[in-house]
Amino acid sequence: MERSNSNMSTLGGMRPSRRVLTAVAVLAGTVLAGCAENAPQDLFEPAGPNARKIDEGLGGQRFIFIISGIVAAIVIGAVSYIVVKFKDRGQDIPEQTHGNPKLEIALTILPAIILATIAVPTVVKVFELNESDDAACVVNVTGQQWWWEYDYPAQTCGGITIKDPIITSGEMVIPAGVPVQLRITSRDVIHSFWIPALNGKRDAVPGRLHPLRMEADNPGIYVGQCTEFCGLSHARMRQAVVALDAADFQTWVDNQLEPYTSPEAGTLAAEGESQYISQCSRCHQVNGLTDSEGNPVLSNPDENVYSGSAPNLTNLMTRTGFAGFTWDLITEECRNELWNAPSEEFGDMYLAGVWMNTPEGADRPVCFNEVELREWLRNAPGMKPMYANPAQLEKTGGLYRGMPNLGLNEQQIDQLIAYLLVRK
Ligand SMILES: [Cu+2]
């Protein structure tokens, strides 16, 4: 027994003291990395009233960390003291005792007090956080493999009228300083929606509607990622909430609802439009698009995609990311500029999107990240593993999970890019 124990502790060729040191170094590294500046998913940097409620005050996470920190320090201190003081130095085994009512009562009451101190204010906060009936707008949030869809019913939102429904993906745009009621659900498996700077997480479960209140103090972009393992590309399912001031939110709504105009005949973009109709419209919708006979082109994702849905591509270029907000529609440089913009300048930059920093009259947007969008059209499952391998399709009854490789050639991709760019 003795021998096998000592074998265990030298496993991997590391002595125990070395292992402890390594563990401490890894832990310290992780903690420091977590404190790094520019960590947009930092739990300790709330940017809205709900996240602040989770962070601060009685029952907040700081309060709980302090109490558990004190308890941990006492326990670790006592254990270390005992380990050193009573180390086996060959002394006699001490006399065994049993029963110490004073100690037992103290050790029952003390933890009960500690737990009650944590539990009572926490439960109160949970109820407060669940309130969402003061919300001024509604956004339906639907998770699917592996992206989020946001649909805005026609409504008046923070004083701004959304006269027709809007459907978008990846980035949810909301007015800053206005409480928004999210109604979260899923079309396939369970996902979980979390924007750490704005609120806690909420699961997206098929067949259920889970409310969550979202409010951002100031204009800016607040990012997060799906936090419920949901299959192959779970790690590539990200999301963002973009808060804009009232005037910018109005502009965003107007842009989304602008009527469709076909690109001028004979242009590359017009060729892209017909490519789009033949290659893409069976899964994707572009609102207002009509075919050569003037009939609306309607998508049919139920017959092509496992979740029964693909992102609505109307005004794709008003977004800054794509495919589960995992790749950027704007270049890295422009993204850094946008994400770090002061809140007064953020709205104008966001609304300009790929056209940010572009001189008046130029016909190519300076901030457009063409490389990754082309790569996506060339071979989407090569970028984001999606179970789109046709050999596996029998398992989903012929339906794709995610976007398949459509075998487009470079010329078709040129046309499609030109088309997607024309639409805002
Ligand atoms: Cu997910």
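Select Val241 together with Met172, Ile174, Ile195, Leu198, Met214, Ala216 and Tyr222, because these are the residues in contact with Val241 once its neighbours within four places in sequence are set aside, where contact is defined as two C-beta atoms, placed from the backbone, lying within 7 Å. Val241 is also, with Leu198, Tyr222 and Val242, one of the residues with the most contacts inside the largest nonpolar core, which has 76 residues. Such a core is defined as a set of buried Ala, Val, Leu, Ile, Met, Phe, Trp, Tyr and Cys residues joined through C-beta atoms within 7 Å. A residue counts as buried if 20 or more other C-beta atoms lie within 10 Å of its own, as exposed if 12 or fewer do, and as partly exposed in between, with the C-beta atoms placed from the backbone. In soluble globular proteins, nonpolar side chains tend to be buried together.

Before the next selection, note that this is a predicted model, in which local features need pLDDT of at least 70 and side-chain atom pairs count only at pLDDT 80 or more, while totals for chains, interfaces and linings use all residues. Residues are numbered from 1 along each chain as its sequence is written.

Now show the whole protein as a cartoon, which comprises eleven helices and 14 strands; these are DSSP runs numbered from the N terminus, helices being H or I of at least four residues and strands E of at least two. The radius of gyration is 27 Å, well over the 22 Å that the globule rule gives for 424 residues, so the protein is more spread out than a compact globule. That radius is taken over C-alpha atoms, and the globule rule is 2.2 Å times the number of residues to the power 0.38. Along its principal axes the C-alpha trace spans about 95 × 50 × 45 Å, and 33% of the 424 residues count as buried.

Next, colour by domain: domain 1 is 41-79 + 98-130, domain 2 is 137-254 and domain 3 is 268-329 + 369-422, with bounds that come from an automatic or database domain assignment. How far apart are the C-alpha centres of domain 2 and domain 3? They lie 22 Å apart, and 19 residues of domain 2 are in contact with 20 residues of domain 3. On the side of domain 2 that touches domain 3, strand S2 (147-152), strand S5 (166-169) and strand S12 (238-244) each supply at least two residues. The residues of that side divide into six nonpolar, seven polar and six charged, where Ala, Val, Leu, Ile, Met, Phe, Trp, Tyr, Cys and Pro count as nonpolar, Asp, Glu, Lys and Arg as charged, and the others, Gly among them, as polar.

Stay with S2, of whose six residues five are buried. Strand S1 (residues 137-144) runs antiparallel to S2 and is joined to it by five bridges, two strands being paired if DSSP finds at least two bridges between them. Within this pair Gly143 has Trp148 in S2 as its bridge partner, and S1 and S2 form a hairpin with two residues between them. S2 also pairs with S5, in the antiparallel sense over four bridges, and there Glu149 stands opposite Ser169 in S5. Most residues other than glycine have a negative phi, and most peptide bonds are trans.

Two further backbone stops follow. Asn315, in the loop between H7 and S13, has a phi near 55°, a positive value in a residue other than glycine, and Asn315 counts as buried because 21 C-beta neighbours lie inside 10 Å. Phe325, in the loop between S13 and strand S14 (327-328), has a positive phi of about 50° although it is not a glycine.

Finish with two loop residues. Leu209, in the loop between strand S9 (202-204) and strand S10 (210-214), counts as exposed, with 12 C-beta neighbours inside 10 Å.
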